[in-house]
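Welcome! Take a moment to turn the model around before reading on.

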Amino acid sequence: MTHRIALGTALSLTLGLPAYAQDLLVFDYSGFETPEFHQPYIDTHGTAPEFVFFGDEDEAFQRLLAGFRSDVTHICAGSVPRWEASGIIEPWDPSRIDAFATLNSDLVGEDVAAGAEDLYFLPTDYGSTAVVYNSDEVPAEDVASLEIFNDPDYAGRLSIPDNVDDAYALAYLATGVSDWSDVTDAQFEAATEWLRGIHPNLVNYWVDPAEIQQLMASGQVLAAWAWNEVPVSLADEGFPTGFARNTEEGTSVWLCGYVNMAEGEGSEDLAYDYVNALLSEASAGPLLENGFGSANDAALQAQGPEALEAAGLGEVTVPVLAQLPISNEQRERQAEAFERIKAGF
């Protein structure tokens with residue numbers, strides 16, 4: 001990673017481009033260093049922040065506990081309670097978030113929006129998870145229900161993410177739950193048994209969008225539970241694809257954002273400049289073109305309904321399970337069960 005950053009800086013200097021700023025370190029998923037996602041920051045400071053990348057949030061969490069220092073870190077909502085409990089993050093000041101008043105309240109959470117709780121998690125980007133399918137091979141009526149994953153006609157031609165949050169979002173919806181904030185033991189067991197039941201029908205648990213796109217383009221997978229960026233990319237390649245968000249049981253929305261690191265060594269002012277740039281109207285279009293909805297609802301809606309629909313983020317008429325933060329206990333219980341299911345138990 002050090003080599004990658006050094007090489008990027010050297011190339012910037014060689015090509016006459018701005019070098020990375022050293023006063024703000026962003027710990028992130030690869031791809032979010034795209035300049036268009038935070039162009040107002042670059043316009044203001046003449047440089048981009050420094051980016052260091054992680055593979056998944058468990059890796060990021062362990063590196064930070066071991067002493068790595070970042071100023072802001074990009075995580076998804078399911079991880080927030082564990083990070084907050086660890087003491088490695090501190091609240092954001094809503095008065096310094098330019099778009100706070102126009103953030104989608106469904107993504108922020110009612111208590112935070114009302115000022116009743118500290119803002120430990122600042123939502124910035126979200127997307128939908130639904131059934132992506134080969135529209136030449138799979139009739140629309142077959143993806144009208146999430147029970148396609150139990151359909152023997154598609155056994156061995158299906159896939160879901162190797163991601164506990166997405167997997168349980170699917171399973172809860174399939175078993176009649178659209179709010180996972182306080183599930184009962186019976187609801188958890190029903191969802192777990194549903195996931196265990198579809199396991200033999202799956203060709204694999206896909207790890208990243210490129211993998212599932214390749215499996216679908218090759219014809220090995222006919223339908224998958226996947227993020228909205230997947231059908232967009234497949235359609236761009238001319239692949240016959242559909243995205244069934246209005247399945248009768250419902251659809252899901254994932255949510256990610258940034259946390260403010262308690263022991264960051266960089267500039268706090270630059271941290272706010274960065275998240276404000278990401279939530280700006282100027283960034284909403286580039287994010288949407290890459291499959292990400294901005295949490296700044298005013299900026300997102302300004303893109304127009306056709307752009308939202310094309311990105312897989314149009315309106316739906318069915319229940320929506322929002323993957324908002326859940327308790328550590330619930331997430332650990334789901335993670336343990338999911339690992340056992342993947343292992344065949």
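Predicted model: local features only at pLDDT ≥ 70, side-chain atom pairs only at ≥ 80, totals over all residues.

**Helix α10 and what surrounds it**

Helix α10 covers residues 229-236, and its buried residues are E229, V230, P231, V232 and L234. These buried residues pack against β5 (122-134), α9 (209-217), β8 (223-227), β9 (241-244) and α14 (305-310). After α10 comes G238, which has a positive phi, near 85°.

In soluble globular proteins, nonpolar side chains tend to be buried together. Here the largest nonpolar core has 69 residues, and W83, W92, L122, I212, M216, Y258 and Y274 are those with the most contacts inside it. Apart from this core lies another, of 38 residues, with Y133, V143, I160 and L195 among them. What does L122 touch, not counting residues up to four places away in sequence? The list is W92, I97, L103, G257, Y258, V275 and L279.

**Two partners of helix α15**

Helix α15 spans residues 328-342.

| Pair | Axes | Angle |
|---|---|---|
| α7 (residues 164-174) and α15 | within 10 Å | roughly 90° |
| α8 (residues 185-198) and α15 | 10 Å apart | about 25° |

Angles of 65 to 115 degrees count as roughly perpendicular, so α7 and α15 are roughly perpendicular to each other. From α7, the contact is made by V164, D165, A167, Y168 and Y172, and from α15 by Q330, R331, Q334, A335, A337 and F338. By class, this contact of α7 with α15 has seven nonpolar, two polar and two charged residues.

Angles under 35 degrees count as roughly parallel, so α8 and α15 are roughly parallel to each other. The crossing of α8 and α15 is right-handed. On the α8 side, D185, F188, T192, L195 and R196 make the contact, and on the α15 side R333, Q334, A337, F338 and I341 do. The residues of this contact of α8 with α15 divide into five nonpolar, two polar and three charged.

**A closer look at R333**

R333 lies in helix α15. Is R333 buried or partly exposed? Partly exposed is the answer, because the relative accessibility of R333 is 29%, and partly exposed lies between under 20% for buried and over 50% for exposed. Leaving aside neighbours within four places in sequence, R333 is in contact with D185 and F188. R333 and G285 are 48 residues apart in sequence, and 38 Å apart in space, C-alpha to C-alpha.

Methods: Residues numbered from 1 in each chain as written. Heavy atoms only, no water. Axes fitted to C-alpha atoms, helices over the stretch in contact; angles between N-to-C directions. Helix = DSSP H or I, 4+ residues; strand = E, 2+ residues; numbered from the N terminus. Parallel < 35°, antiparallel > 145°, perpendicular 65-115°, else oblique. Contact = heavy atoms within 4.5 Å. Nonpolar A, V, L, I, M, F, W, Y, C, P; charged D, E, K, R; others polar. Core = buried A, V, L, I, M, F, W, Y, C linked by side-chain atoms within 4.5 Å. Buried < 20%, exposed > 50% of the residue type's maximum accessible area, 1.4 Å probe, protein only. Left-handed = near helix turned anticlockwise from the far one by under 90°.
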